[in-house]
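Subject: A structure for you to explore

Hi there,

Here is the structure I promised to pass on. Please open it next to this email and look up each residue as you read.

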Amino acid sequence: MRPVFFPILAFLLLSCKSEQLPQDQYFESQDMVFAYSGRILKSSEGTKLITSASSVKADVYGDTVTVFLKTNDSIHHYVAVELNQEYKGRFRVYKDTLKFALPKVDSATTITIYKETEAANGSLIFNGMRAKKIIKTPEKKLSKIEFIGDSITCGMGADTSEIPCDEGQWFDQHTAYRAYGPLVARALNVNFEVNCVSGMGMYRNWNDENEPVMPEVYPYLHLNGEHGKRARIDKKNAPQIVSIALGTNDFSLGDARKERLPFNKKNFKQNYIDFVTKIFDTYPETKVALLSSPMLGAEEGQDLINILKEIKEEFPDRPVEVFEFGTMDPRGCSYHPSVDDHALMAEKLIPFYRKLLNTP
(Lines give C-alpha, C1' and ligand atoms only; values in the text may rest on other atoms or scores of the structure.)
Protein backbone atom coordinates (compact mmCIF):
# COMPACT_ATOMS: atom_id res chain seq x y z
CA MET A 1 0.00 0.00 0.00
CA ARG A 2 1.31 3.43 -0.92
CA PRO A 3 1.81 6.14 1.73
CA VAL A 4 -1.19 8.29 2.55
CA PHE A 5 0.62 11.43 1.36
CA PHE A 6 1.93 11.68 -2.17
CA PRO A 7 5.52 12.93 -2.54
CA ILE A 8 4.55 16.02 -4.52
CA LEU A 9 2.64 17.26 -1.47
CA ALA A 10 5.16 16.34 1.16
CA PHE A 11 6.02 19.98 1.80
CA LEU A 12 2.57 20.42 3.33
CA LEU A 13 3.14 17.97 6.16
CA LEU A 14 4.25 18.99 9.62
CA SER A 15 4.91 16.73 12.58
CA CYS A 16 2.71 17.61 15.52
CA LYS A 17 4.89 18.90 18.34
CA SER A 18 3.97 17.62 21.77
CA GLU A 19 3.76 21.10 23.27
CA GLN A 20 1.12 22.07 20.70
CA LEU A 21 -1.38 19.36 21.59
CA PRO A 22 -2.83 20.89 24.79
CA GLN A 23 -3.42 24.17 22.95
CA ASP A 24 -5.23 22.63 20.01
CA GLN A 25 -8.92 21.76 20.14
CA TYR A 26 -10.59 18.72 18.69
CA PHE A 27 -13.88 19.33 16.87
CA GLU A 28 -16.08 16.31 16.15
CA SER A 29 -17.65 15.88 12.74
CA GLN A 30 -21.15 16.65 14.00
CA ASP A 31 -20.04 19.97 15.48
CA MET A 32 -21.90 22.91 13.95
CA VAL A 33 -18.62 24.46 12.77
CA PHE A 34 -18.59 22.20 9.70
CA ALA A 35 -20.47 22.88 6.46
CA TYR A 36 -21.27 19.91 4.22
CA SER A 37 -22.17 19.58 0.57
CA GLY A 38 -23.45 16.65 -1.48
CA ARG A 39 -25.01 13.49 -0.12
CA ILE A 40 -23.85 12.80 3.42
CA LEU A 41 -25.06 10.82 6.45
CA LYS A 42 -24.34 11.67 10.08
CA SER A 43 -23.86 8.51 12.14
CA SER A 44 -22.27 7.20 15.33
CA GLU A 45 -19.12 6.44 13.30
CA GLY A 46 -18.80 10.02 12.10
CA THR A 47 -20.14 11.93 9.12
CA LYS A 48 -20.15 9.82 5.98
CA LEU A 49 -19.29 11.50 2.69
CA ILE A 50 -21.18 9.32 0.23
CA THR A 51 -21.24 10.60 -3.32
CA SER A 52 -18.49 11.87 -5.60
CA ALA A 53 -17.29 15.38 -4.71
CA SER A 54 -19.31 15.44 -1.47
CA SER A 55 -17.39 17.70 0.87
CA VAL A 56 -16.79 19.19 4.30
CA LYS A 57 -15.60 22.77 4.83
CA ALA A 58 -14.65 25.03 7.73
CA ASP A 59 -12.55 28.08 8.63
CA VAL A 60 -9.56 27.03 10.74
CA TYR A 61 -7.04 29.02 12.78
CA GLY A 62 -3.50 28.20 13.87
CA ASP A 63 -0.33 26.99 12.19
CA THR A 64 -1.59 23.45 11.39
CA VAL A 65 -4.81 21.55 10.98
CA THR A 66 -5.24 17.80 11.37
CA VAL A 67 -8.08 16.10 9.48
CA PHE A 68 -9.36 12.73 10.73
CA LEU A 69 -10.64 10.46 7.97
CA LYS A 70 -11.20 6.73 7.59
CA THR A 71 -13.09 4.16 5.57
CA ASN A 72 -15.61 1.66 6.90
CA ASP A 73 -14.17 -1.26 4.96
CA SER A 74 -10.86 -2.52 3.59
CA ILE A 75 -10.87 -0.26 0.53
CA HIS A 76 -8.97 3.01 0.46
CA HIS A 77 -10.36 6.30 -0.84
CA TYR A 78 -9.00 9.52 -2.26
CA VAL A 79 -9.70 13.10 -1.30
CA ALA A 80 -8.92 16.42 -2.93
CA VAL A 81 -7.97 19.26 -0.59
CA GLU A 82 -8.38 23.02 -0.95
CA LEU A 83 -6.88 25.71 1.26
CA ASN A 84 -8.47 29.11 0.60
CA GLN A 85 -9.91 27.70 -2.66
CA GLU A 86 -6.41 26.70 -3.84
CA TYR A 87 -6.02 23.08 -4.86
CA LYS A 88 -3.39 21.33 -2.73
CA GLY A 89 -3.55 17.88 -4.21
CA ARG A 90 -5.09 14.45 -4.13
CA PHE A 91 -4.49 12.22 -1.11
CA ARG A 92 -4.98 8.53 -0.51
CA VAL A 93 -6.86 7.69 2.70
CA TYR A 94 -7.44 4.42 4.51
CA LYS A 95 -7.30 4.83 8.28
CA ASP A 96 -5.07 7.82 8.79
CA THR A 97 -4.94 11.55 9.38
CA LEU A 98 -3.95 14.39 7.10
CA LYS A 99 -1.95 17.33 8.47
CA PHE A 100 -1.52 20.63 6.68
CA ALA A 101 0.49 23.73 7.35
CA LEU A 102 -1.77 26.75 7.31
CA PRO A 103 -0.71 29.84 5.34
CA LYS A 104 -2.25 32.20 7.90
CA VAL A 105 -1.64 31.92 11.63
CA ASP A 106 -3.62 34.91 12.92
CA SER A 107 -6.58 34.74 10.55
CA ALA A 108 -8.85 32.09 9.09
CA THR A 109 -7.88 29.58 6.44
CA THR A 110 -10.77 27.90 4.67
CA ILE A 111 -10.15 24.16 4.26
CA THR A 112 -12.37 21.97 2.09
CA ILE A 113 -12.11 18.20 1.76
CA TYR A 114 -13.73 16.59 -1.30
CA LYS A 115 -14.37 12.89 -1.77
CA GLU A 116 -12.82 11.79 -5.07
CA THR A 117 -14.30 8.29 -5.26
CA GLU A 118 -17.89 7.13 -5.81
CA ALA A 119 -20.83 6.06 -3.68
CA ALA A 120 -20.20 2.55 -5.00
CA ASN A 121 -16.78 2.58 -3.28
CA GLY A 122 -18.44 2.95 0.13
CA SER A 123 -18.48 5.89 2.49
CA LEU A 124 -15.53 8.05 3.44
CA ILE A 125 -15.96 8.80 7.14
CA PHE A 126 -15.01 12.23 8.44
CA ASN A 127 -14.41 12.18 12.20
CA GLY A 128 -13.40 15.78 12.76
CA MET A 129 -10.46 18.20 12.82
CA ARG A 130 -7.90 19.45 15.32
CA ALA A 131 -6.73 23.07 15.26
CA LYS A 132 -6.36 26.11 17.48
CA LYS A 133 -9.85 27.26 16.55
CA ILE A 134 -12.48 26.34 13.98
CA ILE A 135 -15.57 28.28 12.95
CA LYS A 136 -18.17 27.63 10.29
CA THR A 137 -17.45 29.19 6.93
CA PRO A 138 -20.05 31.91 6.25
CA GLU A 139 -22.53 30.67 3.69
CA LYS A 140 -22.83 32.56 0.43
CA LYS A 141 -26.09 32.63 -1.46
CA LEU A 142 -24.84 31.15 -4.70
CA SER A 143 -26.55 29.40 -7.56
CA LYS A 144 -26.16 25.64 -7.73
CA ILE A 145 -25.70 23.07 -10.48
CA GLU A 146 -26.38 19.39 -9.93
CA PHE A 147 -24.44 17.08 -12.25
CA ILE A 148 -25.98 13.64 -12.88
CA GLY A 149 -24.08 11.12 -14.93
CA ASP A 150 -21.92 8.05 -15.34
CA SER A 151 -18.18 7.42 -15.11
CA ILE A 152 -17.35 10.51 -17.17
CA THR A 153 -19.14 12.74 -14.66
CA CYS A 154 -17.40 10.85 -11.83
CA GLY A 155 -13.95 11.62 -13.26
CA MET A 156 -13.07 7.94 -13.64
CA GLY A 157 -9.69 7.17 -15.19
CA ALA A 158 -8.71 10.83 -15.39
CA ASP A 159 -5.68 11.16 -13.06
CA THR A 160 -2.73 8.94 -13.93
CA SER A 161 -0.11 11.11 -12.24
CA GLU A 162 0.53 8.56 -9.47
CA ILE A 163 -0.85 5.23 -10.66
CA PRO A 164 -0.81 4.36 -14.39
CA CYS A 165 -3.78 2.85 -16.18
CA ASP A 166 -4.22 -0.91 -15.67
CA GLU A 167 -2.48 -0.76 -12.29
CA GLY A 168 -4.00 -0.68 -8.81
CA GLN A 169 -7.74 -0.66 -8.16
CA TRP A 170 -10.30 0.34 -10.79
CA PHE A 171 -10.90 3.65 -8.99
CA ASP A 172 -7.27 4.63 -8.36
CA GLN A 173 -7.39 7.24 -11.13
CA HIS A 174 -10.71 8.78 -10.02
CA THR A 175 -10.81 12.55 -9.53
CA ALA A 176 -14.32 13.95 -9.15
CA TYR A 177 -12.85 17.32 -8.10
CA ARG A 178 -11.21 17.81 -11.49
CA ALA A 179 -14.04 16.38 -13.58
CA TYR A 180 -15.86 18.73 -15.93
CA GLY A 181 -18.76 19.49 -13.55
CA PRO A 182 -16.85 20.86 -10.55
CA LEU A 183 -14.50 22.64 -12.97
CA VAL A 184 -17.46 24.44 -14.54
CA ALA A 185 -18.98 25.27 -11.15
CA ARG A 186 -15.76 26.75 -9.79
CA ALA A 187 -15.25 28.81 -12.95
CA LEU A 188 -18.78 30.23 -12.61
CA ASN A 189 -18.51 30.62 -8.82
CA VAL A 190 -21.56 28.47 -8.11
CA ASN A 191 -22.19 25.60 -5.72
CA PHE A 192 -22.40 22.08 -7.10
CA GLU A 193 -23.45 18.54 -6.34
CA VAL A 194 -22.39 15.41 -8.23
CA ASN A 195 -24.53 12.27 -8.40
CA CYS A 196 -22.91 9.72 -10.67
CA VAL A 197 -22.34 5.98 -11.00
CA SER A 198 -19.75 4.44 -13.31
CA GLY A 199 -21.23 2.09 -15.89
CA MET A 200 -24.77 3.35 -15.38
CA GLY A 201 -27.23 4.25 -18.09
CA MET A 202 -30.72 5.59 -18.59
CA TYR A 203 -32.40 2.28 -19.49
CA ARG A 204 -29.50 -0.22 -19.34
CA ASN A 205 -25.98 -0.27 -17.93
CA TRP A 206 -22.57 -0.85 -19.48
CA ASN A 207 -22.49 -4.64 -19.48
CA ASP A 208 -25.93 -5.45 -18.17
CA GLU A 209 -29.52 -5.37 -19.36
CA ASN A 210 -31.26 -5.97 -16.03
CA GLU A 211 -29.52 -4.16 -13.15
CA PRO A 212 -31.05 -0.92 -11.74
CA VAL A 213 -30.37 2.18 -13.84
CA MET A 214 -29.97 5.83 -12.86
CA PRO A 215 -33.70 6.74 -12.69
CA GLU A 216 -34.16 3.81 -10.26
CA VAL A 217 -31.19 4.48 -7.96
CA TYR A 218 -31.22 8.29 -8.01
CA PRO A 219 -33.82 8.69 -5.22
CA TYR A 220 -31.68 6.67 -2.80
CA LEU A 221 -28.95 8.18 -0.66
CA HIS A 222 -26.22 5.76 -1.70
CA LEU A 223 -27.39 5.51 -5.33
CA ASN A 224 -27.91 1.80 -4.68
CA GLY A 225 -31.52 0.97 -5.45
CA GLU A 226 -34.80 0.29 -3.75
CA HIS A 227 -33.44 -1.26 -0.55
CA GLY A 228 -31.44 1.80 0.39
CA LYS A 229 -32.18 4.87 2.49
CA ARG A 230 -34.02 7.65 0.68
CA ALA A 231 -32.03 10.80 -0.08
CA ARG A 232 -33.10 13.97 1.68
CA ILE A 233 -34.46 16.53 -0.76
CA ASP A 234 -33.67 20.10 0.27
CA LYS A 235 -35.99 22.23 -1.84
CA LYS A 236 -34.72 25.37 -0.12
CA ASN A 237 -31.35 24.64 -1.68
CA ALA A 238 -32.71 23.56 -5.04
CA PRO A 239 -30.32 23.60 -7.99
CA GLN A 240 -30.84 26.27 -10.61
CA ILE A 241 -29.65 23.73 -13.19
CA VAL A 242 -29.85 19.94 -13.22
CA SER A 243 -27.36 18.64 -15.75
CA ILE A 244 -27.85 15.09 -17.09
CA ALA A 245 -25.09 13.30 -19.00
CA LEU A 246 -26.26 9.74 -19.66
CA GLY A 247 -26.35 7.57 -22.75
CA THR A 248 -22.78 6.38 -23.23
CA ASN A 249 -23.48 3.07 -21.49
CA ASP A 250 -26.89 2.63 -23.10
CA PHE A 251 -25.23 2.70 -26.54
CA SER A 252 -22.23 0.65 -25.42
CA LEU A 253 -21.65 -2.92 -26.62
CA GLY A 254 -20.31 -3.85 -23.19
CA ASP A 255 -17.35 -6.22 -23.03
CA ALA A 256 -18.34 -7.80 -26.38
CA ARG A 257 -18.45 -11.20 -24.65
CA LYS A 258 -21.72 -11.00 -22.76
CA GLU A 259 -24.89 -11.06 -24.86
CA ARG A 260 -25.99 -7.52 -25.65
CA LEU A 261 -29.28 -6.60 -27.30
CA PRO A 262 -29.40 -3.87 -29.95
CA PHE A 263 -29.89 -0.35 -28.64
CA ASN A 264 -33.59 0.29 -27.93
CA LYS A 265 -34.38 3.90 -28.75
CA LYS A 266 -37.96 3.65 -27.48
CA ASN A 267 -36.94 2.46 -24.01
CA PHE A 268 -34.09 4.94 -23.76
CA LYS A 269 -36.22 7.89 -24.78
CA GLN A 270 -39.16 6.99 -22.53
CA ASN A 271 -36.94 6.44 -19.49
CA TYR A 272 -35.24 9.77 -20.16
CA ILE A 273 -38.55 11.63 -20.46
CA ASP A 274 -39.83 10.04 -17.25
CA PHE A 275 -36.61 10.97 -15.43
CA VAL A 276 -36.70 14.59 -16.55
CA THR A 277 -40.37 14.75 -15.51
CA LYS A 278 -39.43 13.56 -12.01
CA ILE A 279 -36.65 16.15 -11.83
CA PHE A 280 -39.18 18.90 -12.60
CA ASP A 281 -41.62 17.42 -10.08
CA THR A 282 -38.87 17.63 -7.44
CA TYR A 283 -37.50 21.04 -8.47
CA PRO A 284 -40.27 22.90 -10.35
CA GLU A 285 -38.15 26.02 -10.89
CA THR A 286 -35.00 24.34 -12.15
CA LYS A 287 -33.59 24.27 -15.66
CA VAL A 288 -32.49 20.97 -17.19
CA ALA A 289 -29.41 20.54 -19.37
CA LEU A 290 -29.12 17.41 -21.53
CA LEU A 291 -25.52 16.64 -22.44
CA SER A 292 -24.29 14.39 -25.22
CA SER A 293 -21.25 12.13 -24.81
CA PRO A 294 -17.67 12.79 -25.96
CA MET A 295 -16.93 9.05 -25.76
CA LEU A 296 -19.34 7.85 -28.45
CA GLY A 297 -18.39 7.39 -32.07
CA ALA A 298 -19.66 9.81 -34.70
CA GLU A 299 -22.73 7.75 -35.68
CA GLU A 300 -23.83 6.87 -32.13
CA GLY A 301 -23.07 10.40 -30.98
CA GLN A 302 -25.32 11.87 -33.64
CA ASP A 303 -28.07 9.39 -32.76
CA LEU A 304 -27.85 10.50 -29.12
CA ILE A 305 -28.01 14.17 -30.07
CA ASN A 306 -31.08 13.57 -32.21
CA ILE A 307 -32.83 11.76 -29.36
CA LEU A 308 -31.94 14.49 -26.86
CA LYS A 309 -33.47 17.07 -29.19
CA GLU A 310 -36.62 14.96 -29.43
CA ILE A 311 -36.75 14.79 -25.63
CA LYS A 312 -36.43 18.57 -25.42
CA GLU A 313 -39.47 18.86 -27.70
CA GLU A 314 -41.48 16.82 -25.18
CA PHE A 315 -41.17 19.74 -22.75
CA PRO A 316 -42.25 22.77 -24.81
CA ASP A 317 -43.16 24.81 -21.72
CA ARG A 318 -40.12 23.87 -19.65
CA PRO A 319 -36.53 25.20 -19.74
CA VAL A 320 -34.71 22.24 -21.29
CA GLU A 321 -31.55 22.77 -23.33
CA VAL A 322 -29.25 20.38 -25.20
CA PHE A 323 -25.46 20.61 -25.34
CA GLU A 324 -23.51 18.77 -28.00
CA PHE A 325 -19.92 17.67 -27.42
CA GLY A 326 -17.71 17.16 -30.42
CA THR A 327 -15.98 13.81 -30.88
CA MET A 328 -12.98 13.30 -28.63
CA ASP A 329 -10.06 10.91 -28.50
CA PRO A 330 -9.97 10.58 -24.69
CA ARG A 331 -6.54 10.21 -23.08
CA GLY A 332 -7.53 8.77 -19.70
CA CYS A 333 -7.87 5.13 -18.68
CA SER A 334 -10.28 2.73 -20.39
CA TYR A 335 -11.17 5.28 -23.05
CA HIS A 336 -12.18 7.91 -20.50
CA PRO A 337 -11.35 11.63 -20.53
CA SER A 338 -8.12 12.61 -18.81
CA VAL A 339 -7.72 15.57 -16.46
CA ASP A 340 -6.73 17.68 -19.47
CA ASP A 341 -9.71 16.38 -21.45
CA HIS A 342 -12.06 17.36 -18.63
CA ALA A 343 -10.56 20.85 -18.66
CA LEU A 344 -11.32 21.10 -22.40
CA MET A 345 -14.85 19.86 -21.83
CA ALA A 346 -15.38 22.40 -19.05
CA GLU A 347 -14.05 25.20 -21.25
CA LYS A 348 -16.69 24.40 -23.86
CA LEU A 349 -19.46 24.03 -21.29
CA ILE A 350 -18.88 27.25 -19.34
CA PRO A 351 -20.63 29.58 -21.85
CA PHE A 352 -23.54 27.14 -22.08
CA TYR A 353 -24.12 27.06 -18.32
CA ARG A 354 -23.44 30.77 -17.95
CA LYS A 355 -26.27 31.46 -20.38
CA LEU A 356 -28.60 29.12 -18.48
CA LEU A 357 -27.75 30.89 -15.22
CA ASN A 358 -28.27 34.30 -16.84
CA THR A 359 -24.97 35.50 -15.39
CA PRO A 360 -22.52 37.87 -17.11
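Below are some notes on what was found in it.

First, some ground rules. This is a predicted model, in which local features need pLDDT of at least 70 and side-chain atom pairs count only at pLDDT 80 or more, while totals for chains, interfaces and linings use all residues. Residues are numbered from 1 along each chain as its sequence is written, and side-chain values use heavy atoms, with hydrogens and water left out.

**Two strands side by side**

Helices and strands here are DSSP runs, numbered from the N terminus (helices are H or I with at least four residues, strands are E with at least two). Strand S13 (residues 144-149) runs parallel to S14, and six bridges join them; two strands pair if DSSP finds at least two bridges between them. One place to look is Ile145, whose bridge partner in S14 is Phe192. Strand S14 (residues 191-196) is mostly covered, with five of its six residues buried. Buried means under 20% relative accessible area, exposed means over 50%, and partly exposed is in between (1.4 Å probe, protein chains only).

**Empty space inside**

Rolling a probe the size of a water molecule over the atoms shows where empty space is left. A cavity is a set of points, on a 1 Å grid over the protein atoms alone, where a 1.4 Å probe fits but cannot get out; lining residues have an atom within 4 Å of a point. Among the residues that line the largest cavity are Asp150, Tyr180, Ser292, Phe325 and Met345. Its lining divides into seven nonpolar residues, four polar and one charged (Ala, Val, Leu, Ile, Met, Phe, Trp, Tyr, Cys and Pro count as nonpolar, Asp, Glu, Lys and Arg as charged, and the others, Gly among them, as polar).

**Rings that meet**

How many aromatic pairs does a search of the whole structure find? There are 20. Rings of Phe, Tyr and Trp (its six-membered ring) pair if their centres lie within 6.5 Å; planes under 30 degrees apart count as stacked, over 60 as edge-to-face and the rest as tilted. The Phe323 and Phe352 rings have centres 5.2 Å apart and planes at 55 degrees, so this pair is tilted. Phe323 lies in strand S17 (residues 320-323) and Phe352 in helix H7 (residues 339-357), so the pair ties together parts that are 29 residues apart in sequence. Phe323 is buried at 12% relative accessible area, and Phe352 counts as buried at 15%. Phe352 also forms an edge-to-face pair with Tyr353, 5.3 Å centre to centre with 70 degrees between the planes. Ring pairs link Phe147, Tyr180, Phe323, Phe325, Phe352 and Tyr353 into a cluster.

Most residues other than glycine have a negative phi. Leu223, however, has a positive phi near 50 degrees. Leu223 is in the loop between helix H3 (214-217) and strand S15 (241-245), and is buried with a relative accessible area of 7%. Tyr335 has a positive phi too, of about 60 degrees. Tyr335 lies in the loop between S17 and H7 and counts as partly exposed at 42% relative accessibility.

Enjoy exploring!

Methods:
On a 1 Å grid over the protein atoms alone, a cavity is a set of points where a 1.4 Å probe fits but cannot get out, and a pocket is an open set with protein on both sides within 12 Å along at least five of seven lines; lining residues have an atom within 4 Å of a point.
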